[in-house]
Amino acid sequence: MAPPPMLNWLAVARRDLTEDVFELKLKRPDGFNFRAGQYISIVVPGAGPGGRNLRRAYSIASPSNWSDIEFCVKLVDKGPGTKYLNSVKIGEVVQGQAPFGDFCLNHDQQNPTLFIGTGTGIAPLRGMVLSDEWQAKGPVGFLLGVRSEKDILYPELFGAIRPKVLNCPHVQIALSRPTELWKGFRGRVTDYIKSMEWDFLKSHYYLCGSGAMIQEVRDWLMKIKNVAKVQIHSEKYF
């Protein structure tokens, strides 16, 4: 199979999501198609040894039926990819090869589904639940784990006016270091899943973010709840 094409992406908008995470919106090139959950390999000009270009992978945080492409980018000290994308001005062109990846919706949507993300791992999960690929018939839960209130990403996914597909009480944010004012769940997202009443055996799971979170959840599901490995889909960010 031929590799995906190198494309030009016009920067059309930028907004800060938290103190250290921003969203960059790029105009979708004509004819570009992808599946929710896939990623783009962005060219970072001149950031490699000897001034060579580098590549960095960024998951698409928007669904496949939107006209623009959105990235959810965390600022990392000395990170060439985030430094470059943070410097991109509206109207400039970014080069990237896409689409890549198989972290996509892949199950019988009659069954329950649970999405679990930490930090910017919410990006491809957001694309999935907002996508018109999604025709859920069973319960759909969505969990985000971050440290404190100031780290919450895309709060509109968790409020009273959230996407209709998120149709059960287990659409929650877990804070490991909340302030005294926080009235939601206190603890890690891995603590939350262990407290749930849920049909674990029939469900499919989409996990993205911390490698430690993914490993802990996978081990618990398979060893304690006897969930089959094929029902657990994951993509590690860090």
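Trainee: Hi! What volume does the largest pocket have?

Mentor: Hello! Keep in mind that this is a predicted model. In this model, the largest pocket has a volume of about 1100 Å³.

Trainee: And which residues lie nearest its centre?

Mentor: Those are Lys74, Thr118, Gly119, Thr120 and Phe238, out of 40 residues that line the largest pocket.

Trainee: Which element gives the most to that lining?

Mentor: That would be β4, with four residues. Several other elements supply at least two residues each, including β5 (68-74), α1 (80-87), α3 (189-195) and α4 (211-223).

Trainee: How many of the lining residues are nonpolar, polar or charged?

Mentor: The lining of the largest pocket has 17 nonpolar residues, 13 polar ones and 10 charged ones.

Trainee: Okay, let's move to the sheets. What's the strand order in the antiparallel one?

Mentor: That open sheet has six strands in the order β4-β3-β6-β1-β2-β5. Its edge strands are β4 and β5, each of which pairs on one side only. On average, neighbouring strands of this sheet are turned by 40 degrees against each other, ignoring direction.

Trainee: How many bridges does β1 make with β6?

Mentor: Five bridges join β1 (residues 6-16) to β6, and the two run antiparallel. As one example, Leu10 has Val93 in β6 as its bridge partner.

Trainee: And what do β1 and β2 form?

Mentor: They form a hairpin, with four residues between the two strands. Their pairing is antiparallel and spans five bridges, with β2 covering residues 21-27. Within it, Ala11 has Leu26 of β2 as its bridge partner.

Trainee: Which way do side chains point in a strand, by the way?

Mentor: As a general rule, side chains in a regular strand alternate between the two faces of the sheet.

Trainee: Good to know. Now the parallel sheet: what's the order there?

Mentor: Six strands form that open sheet, in the order β10-β9-β8-β7-β11-β12. At its edges are β10 (185-186) and β12 (232-236), each pairing on one side only.

Trainee: How many bridges join β7 to β8?

Mentor: Six bridges, between residues 113-118 of β7 and residues 140-146 of β8. One of the partners to look for is Val140 in β8, which is bridged to Thr113.

Trainee: Which helix lies across β7 and β8?

Mentor: Helix α2 (residues 122-130) does, and it also lies across β11 (204-209). Helix α2 runs at about 150 degrees to β7.

Trainee: Changing topic: how many aromatic pairs does the structure hold?

Mentor: It holds 10 aromatic pairs. In one of them, the rings of Phe200 and Trp220 have their centres 5.3 Å apart and their planes at 85 degrees, so the pair is edge-to-face. This pair links distant parts of the chain, with Phe200 in the loop between α3 and β11 and Trp220 in helix α4, 20 residues apart.

Trainee: Where is Leu201, then?

Mentor: Leu201 is also in the loop between α3 and β11. Its C-alpha is 9.5 Å from that of Met222, and the two are 21 residues apart in sequence.

Trainee: Which residues is Leu201 in contact with?

Mentor: Setting aside neighbours within four places in sequence, Leu201 is in contact with Lys225, Asn226, Val227 and Gln231.

Trainee: Last topic, the backbone. Which peptide bond is cis?

Mentor: The bond from Ala98 to Pro99 is cis, with omega near 0 degrees. Pro99 lies in strand β6 (residues 93-100).

Trainee: And what is phi of Lys78?

Mentor: Phi of Lys78 is near 65 degrees, a positive value in a residue other than glycine. You can find Lys78 in the loop between β5 and α1.

Trainee: Why point those two out?

Mentor: Because most residues other than glycine have a negative phi, and most peptide bonds are trans.

Key: Residues are numbered from 1 along each chain as its sequence is written. This is a predicted model: local features need pLDDT of at least 70, side-chain atom pairs count only at pLDDT 80 or more; totals for chains, interfaces and linings use all residues. Side-chain values use heavy atoms; hydrogens and water are left out. Two strands pair if DSSP finds at least two bridges between them. Contact means heavy atoms within 4.5 Å. Axes are lines fitted to C-alpha atoms, for helices over the stretch in contact, and angles run from 0 to 180 degrees between N-to-C directions. On a 1 Å grid over the protein atoms alone, a cavity is a set of points where a 1.4 Å probe fits but cannot get out, and a pocket is an open set with protein on both sides within 12 Å along at least five of seven lines; lining residues have an atom within 4 Å of a point. Grid points are joined across faces, edges and corners, and a volume is the space filled by probe spheres set on the points. Ala, Val, Leu, Ile, Met, Phe, Trp, Tyr, Cys and Pro count as nonpolar, Asp, Glu, Lys and Arg as charged, and the others, Gly among them, as polar. Rings of Phe, Tyr and Trp (its six-membered ring) pair if their centres lie within 6.5 Å; planes under 30 degrees apart count as stacked, over 60 as edge-to-face and the rest as tilted.
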